[in-house]
Structures are given as structure tokens and as C-alpha cells.
Amino acid sequence: MVAYRNELEIADELPVLAVRDVVIFTDMILPLFIGRDVSMEAVEAALAGSRHLFITAQKNQREDNPAPDDLYQVGSVAQILRQARLNDGRLKILVQGLAKARIAKVIALTPYLRVGLEIIEEPPSPIETVELEALKRNIREKSQKIMTLREVISEEAISLLEGLDDPGRLADLVISNLQVKVADAQKVLETFDPLARLTMVNGILTQEVNVAMMQAKLDSETRDELERSQKEYFLREQLRAIKKELGDDLGREDETLEYRTRIKNAHLPKKVAPEVDRQLSRLEMMHPDSAEAAIIRSYLDWILDLPWTVTTRDKLDLLEAKRVLDSDHYNLSKVKDRILEYLAVMKLNRRQKGPIICFVGPPGVGKTSLGQSIARAMGRKFVRFSLGGLKDEAEIRGHRRTYVGALPGRIIQGLKTAGANNPVFMLDEVDKIGSDFRGDPASALLEVLDPEQNANFSDHYLNLPFDLSNVMFITTANFLDTIPQALEDRMEVIYLSGYTNEEKVAIAKKHLLPRLIRDHGLSPDHLSLPDSTINQIISGYTQEAGLRGLDRKLAAICRKVARQIAEGRGRVYRVTKPQLLKFLGPPEILPEPERQEGQTGVATGLAWTESGGEIMYIEVKTMPGKGNLSLTGQLGEVMRESAQTVLAYIRARAVDFGLPKDFFDNIDIHVHVPAGAVPKEVPSAGTALMIAFVSALLNRPAPKNLAMTGEITLRGQVMAIGGLKEKALAALRADIKRVVIPRQNNKDLEDLPPIVKKKVEFIQVDNIHELLAVVFPDNHFQPSLSLIKPKRIPRRPRPRARRRPQATL
């Protein structure tokens, strides 16, 4: 079939040319540049036939190979007037819109898109009315105003506007010459009624007039600013020439020459060098005493002082690194193995990114000093930055240069101090970061501590990317509870639990005492401490997981010896256990009364704190009453719930314990944990509470050298716990020989030091029945059916059991 429009023959099947950023209207003539293979095939097919094309716009301009659904269904049939082949292989054509058409069906997709068309006939022009004439005049006036504001007015354009009287053609002419969005132009194209189309174009013109007026205003302001700048530049050049004649401009040239030399020697990255050159050019144009010139100088100094390409060479001798680590720290095999593994990978792959390690442990176990040893073993610079109490995000990312006194963040400052882009960077106290209205520093650290992002870390002050992927970040924390989950996920956590007494003695002799003797001006001949004396200091004057208390006590002895030597009252001192009273006073750690003998209603529990493991005594007393349970000692919500769970379990199985079913109706139970001024929240106190309750109700004392840890359920199961190593060390410090733990924690025994497993017996239990059998071996409690594994046995008559006397409450 062939459609006719104004005596033009238009085939109902035509090649399709998809265009990105233009909409073709009827009678519109414009050039098009063809570069896509499919489009060139469509043009070649049109040239071989009637020279007609169906041209429509893409919905998504970024799509290189649009499908039929990616094109607008309404477009224009156009005729190719001219064509030319360009040197770059593209094709340039000149087309003229003939008629509007709609895609009726898709005929072929290859080698080009070919569709069946439905020619759209426009409705006849509306009857001339006053409203229509006003609308046409309004459009002409706005079009002339836009051309005047954009300074593109011409007599030919004005006469063309005045000569068009048809509303539809006037609308098409105006919209085709406006720089509007493709979607807006397509809406006009798809509006077939001439009056409606003219009204829509009038609305678009109103918006374009406002935009043109604002552009003209901005151009005027910019022109005035340029004229003023050019005037200032001319006057400044005259002033510079006068100063040069007077010999006053030599310092300015020397400053510029110095910056040029520093830029050349800095070997700046490609992304940084253009910005530095631009800032230096601005500085040359400014008055040297202006405030902005001082800001630019400070900015350039920071950029040129940073180690963009300065890298220290890593020591990849694994044996030497192991020797350094062993000489600086005792034990800590996991940490040393991790560092040696990293060095081994670096030796095989130099592009390995720096790891992000988090040391978690109580104070005084050597987390910070371990970072210094790692830097020394690797031959890298060491930088330390404490995050404790940090609340301002700008401390990490830096301040914007618009602020007075702006500086880069502490990360960039640390790299400048180190003078290398691959130091060992220690971020202390990452668990003590705060946040307020100035931002969240922990969120800012997410980019710093992410190996996939920190290669392009952007400080707010520099506003330039700096590569942090070569930095080895080490963070320290006392516990992980306050660290955001997203931040913890970016770090490799290594736990440093604490030291046994034997390890502390070895560390004191190898590290602490030689350093303190040297720091106090003594020599090894002046002071000596036997192992028994150091052991007595540890057990009698310190009770901690780390070494800070021991360090202070040894320092006190050194000070007293230094004074006596300075006063001439002696030359050689050998401090023995009986002499500690003279140097340190009476022991500060006294044995608890419960350790001397077992007491009814008292059980020994083990707790984990940020300072390491601790011994916790739970006291339970019964008295005549009305069934009340009192909990004192600032117990947390979890411990209160554990106490209620224990009581509910005992009441539900009172017969198993030899108690009357209504035993709780006539008594009150008081639970107290000493040191009432200290809040306590121990999730693993269930087993200790159970033993304390049973001991008080049955009037049976628990063994004095037995401690326990574990949470219980209402079904009588003993659940797994955390922090077993810290709790085991606490038991060893308290001279407890037996510890009851959940059987599910059997895997954690592998991480305990050999001395702990040698001196402490770990008894594993699955349920409360097994726990009671360990604590009260001579009491034959009747186990509940829920605690016995099913086992098929033949029925046999059972002798009548003798009634057990009830326990006195």
C-alpha cells in the first residue's frame, strides 16, 4: 500500500532511523550524523529506494542498540535530501520531515529495523477566534524575546514567524528551534490537535523565557566580573612592573620558583598534578598579602609534603622478622604467625594489599607495643592515633578549606609525619569512639578500613584521592560490643586474652625489669629480684590480666633502690619475699574468706570483663517469709532473669531435689553478689546461681576450690559461653583447681595455654543433673525425664523406694 500526503507517495513500510537527542517535525530540515552500523544500513536501504525514512527518538539516549520497545511509537517520515561520506567513516545526511506516522507493526529486525507505518493525518485548522489570535501573537512575542536575550535575532526569522498563520505549523516551527528535552518535544509531536499543540508550546515558551532571562542576567554578571578581574590584572601587572623596577619583586619570584622545583621533585600522581598547577597559577595572580593567598600556600605545602610516591622497602626476611617479634614479645604465637604469613604472601606477591587487624584484649596485654614491634619487624614507619573520645568526623576526613583554620584529617596528618605511604598505622581505642551533631567518626572509618575503597580515599581538605591500600592498619579495642557491626566486619579480629603468672614472671625478667633498671639510671648489678619475689608481687599486689600493675610495682622498687644508692646507703640490692613489706607495704590482694573453707549458699562463678576474667561469688540466703525473691548487688537484667530461671527450675522439680512442692510458699530467698557498687551483667552465671540456690536450700556447702561458668535453660540444659580463656586465667590467678564448663566449649580448650590445662581441671557437663553430680557427688538427685537420653530397657518390678527425709530450710 502507498499513502498520499499533499500529493507525496509514502510507502507503508520503511526503514527506521533511531536518533538520540532530537525530534523531527513536519517540514523541519536538519543535518544528521550517522555512525551506528544499523543506522547506516537503514540509510543505505532508503537511498536505494524512495529516499524515505521513518525517524523516531530513543527513550534512553545511552542505549547503543535500541530494540523496538526502546523507541517512541510516534515519529516522522523524512526524505533524504543530501548525503556525504566523512573521513572518519560516518555518514552525514540532510533530511526534511514530511509527515507524522505511528509504528503499526515490526516487519524485520536485521540487518536494520523495518516497520509498517500508519500515517497520521492532522485535523483541520480551527476557526479563527480572538483567543487563537492572542495565543499566536503571544507565541511570536515570546519567540522574539528569547532570540533577543540569546542575541540570535534576525530579520529572516522574524518574517518567518510573522508569515506563518497555521497554528500547527507555527507550533512545530517554534518547538523545533527551542533547546528543550526530548521527552517534552515528543509530547508536542504526539499532540495532533493544532490548538492543543499551540497551547502546549506556549507553556514551554514561558518557561524558556524565564530561563533565558536568568542566563542573560548571569552572563551580564560574569561579564562585569571578568571586566573587573581584567582591570585588576592589568593594574597588578603594572604594579608588578613598578616593583620589579624598584627591586621589590624578587621574593615573589623566588617563592614561585621554589614551588615549581618542589612540584617537579614531588613526582605527583596524574590526578594531583593538574590541581597543583592550577592552584599555583592562582597564587601567582594574587596579591601576596591577601588572605586567600595564605590559604593556597598552606594547601600547596600540605600537598607537596605528603608521600604520594614515597614507599619504604619491606623486610621480607621471615627468619629475621620472627627473631624481632620474639625478642620484643613473649608468647603471642597467633599474632606472630599472622604477621609472618602476611610477609610470606608479600614476598610472593608484591601487590598484596595491607591487612586490617584488630587486637582485642584487656588493658596492659601489649596491644600497642605489639604494633611497634610489627613495624620494626617489617622495616616500616610507625604511626599511632588514639580514637578514644573522638566525636568529630572531621578528625578522620579533615575540614573543608572554606573554614578558618582548616586542616586535613588525622589519617593524612599521620602519613605526612611518617613520610611514607605504607606505614603501620595504629588506631588505638576503636571501641571508644563517640558521635554527636558533628558526625559519626565510626562511619567515616568505614572507607579508611575497607581495602576495596581506601585506594581512592578523599580527604575533605585536600579534595584529592590518596591511595591508602598500602597502609597496614592495626586497631585496638578492649571489647567488641561498642564497635558498629559494619566496622567490625572490615577487620580481622585477633584476641589477646591475658597472661598466666608464669608468663608474667618471664616477661618481667626479660622485658620489664631490664627497661625499668635502665630508665631509673641503675645497672643490673644494683638490683636483682628472684622469681619467687616477682611471683609474690603478681599474686599479692596485682590481680589483672595485663602487666601495667606489675610494671608500676617494679617501678616503685626501682625508685626506692635508686634513692638509697643516690644517698650512698648501699650498692647492691637483692629483694626477697620478706623484704617486699619494706618496699611495697602490706599486700593489697588478700584471700577471700570463701577460699579458705566452703560455705552454705555460696558458689564461685567466673565472669568476663573488658579487663579480663574475674572471680564472682554468688551468695544465697533463705529465711521465713511469703515466697519473695530479692536480688541485690546491682545485677543486670540478664542475671535477674537467670535467677528467676533457676528458681523456676527448682520449684518445678522440687521432688527431684528432696524438697516439698510448696517449699517456696513459706520462705523468702535473697540473692546477693558482693561489690554492690559495681554494676554486673554476666550472661553465663546460670550454673553458679543454680549451685548457690541448691546449696542454700539443702544446707550443703559447695567445694571451695570449684568454680563454674555456663548458662542454663528451663529444660535443664547447660549452654555454651564465651571468653573461656579469660575465665580460665582468672581461675588460675585465684588458685582454683577445678572449673565446670559446658561441654559445647570443648573446642575452646585448644586455645588455652599449656600451663592452664596442666594446673586446672576442666569438667564438662551437658545438663544440670551432671552439674549437681560434680558439685554434690554424695547426693543422689533424681534426674528429670527430660535430662535422660531415651534407652529401651525391659520392664522389671522395682522395689519400693524408702522415703527420703526432707531438707531443713
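Modeller: Let us start with a term. A polar contact is a pair of N or O atoms within 3.5 Å; inside a protein, one atom must be able to donate a hydrogen and the other to accept it. Keep in mind that this model is predicted.

Biologist: Which backbone nitrogen lies 3.2 Å from a polar atom of the side chain of Glu544?

Modeller: That of Leu550. The backbone nitrogen of Gly549 also has a polar atom of the Glu544 side chain beside it, at 2.8 Å. To find Glu544, go to the loop between α18 (531-541) and α19 (548-566).

Biologist: What is the nearest side chain of opposite charge to Glu544?

Modeller: First, the general idea. Side chains of opposite charge can pair when their charged atoms come close. A salt bridge needs a side-chain nitrogen of Lys or Arg within 4 Å of a carboxyl oxygen of Asp or Glu. Now the case. The nearest such side chain is Arg552, 5.0 Å away. Glu544 is buried and has no salt bridge. Leaving out neighbours within four places in sequence, Glu544 is in contact with Lys504, Gly549, Leu550 and Arg733.

Biologist: How many salt bridges does the count come to?

Modeller: The count is 40. One of them joins Arg490 and Asp450, at 3.4 Å from N to O. This pair links distant parts of the chain, 40 residues apart. Arg490 sits in the loop between α16 (485-488) and β15 (492-495), and Asp450 in the loop between α15 (441-448) and β12.

Biologist: Where in the chain are Asp519 and Arg515?

Modeller: Both are in helix α17 (residues 501-519). They are separated by about one helical turn, because they are four residues apart in that helix. Arg515 is partly exposed, at 31% relative accessibility.

Biologist: What are the closest N and O atoms of Glu770 and Arg743 doing, and how far apart are they?

Modeller: They form a salt bridge at 3.3 Å. The pair links distant parts of the chain, 27 residues apart: Glu770 is in helix α26 (residues 768-775), and Arg743 is in the loop between β25 (738-742) and α25 (754-759). Glu770 is partly exposed at 26%, and Arg743 is partly exposed at 34%. Salt bridges can also form networks; one links Lys100, Glu122, Asp172 and Arg197.

Biologist: What does Thr475 contact, leaving aside neighbours within four places in sequence?

Modeller: The list is Ile357, Cys358, Phe359, Leu427, Val430, Leu449 and Met491. Thr475 belongs to strand β14 (residues 472-477). Its relative accessibility is 0%, so Thr475 counts as buried. Leu464 is also buried, at 7%. Find Leu464 in the loop between β12 (457-458) and β13 (465-466). With residues up to four places away not counted, Leu464 touches several residues, including Lys271, Tyr299, Trp308 and Phe457.

Biologist: What is the radius of gyration of the protein?

Modeller: It is 43 Å, whereas a compact globule of 809 residues would have a value near 28 Å. The C-alpha trace spans about 120 × 100 × 50 Å along its principal axes. The protein has 26 helices and 26 strands. Buried residues make up 45% of the 809.

How values were computed:
Residues numbered from 1 in each chain as written. Predicted model: local features only at pLDDT ≥ 70, side-chain atom pairs only at ≥ 80, totals over all residues. Heavy atoms only, no water. Helix = DSSP H or I, 4+ residues; strand = E, 2+ residues; numbered from the N terminus. Buried < 20%, exposed > 50% of the residue type's maximum accessible area, 1.4 Å probe, protein only. Lys, Arg positive; Asp, Glu negative; His and termini not counted. Contact = heavy atoms within 4.5 Å. Rg over C-alpha atoms; globule rule 2.2 N^0.38 Å.
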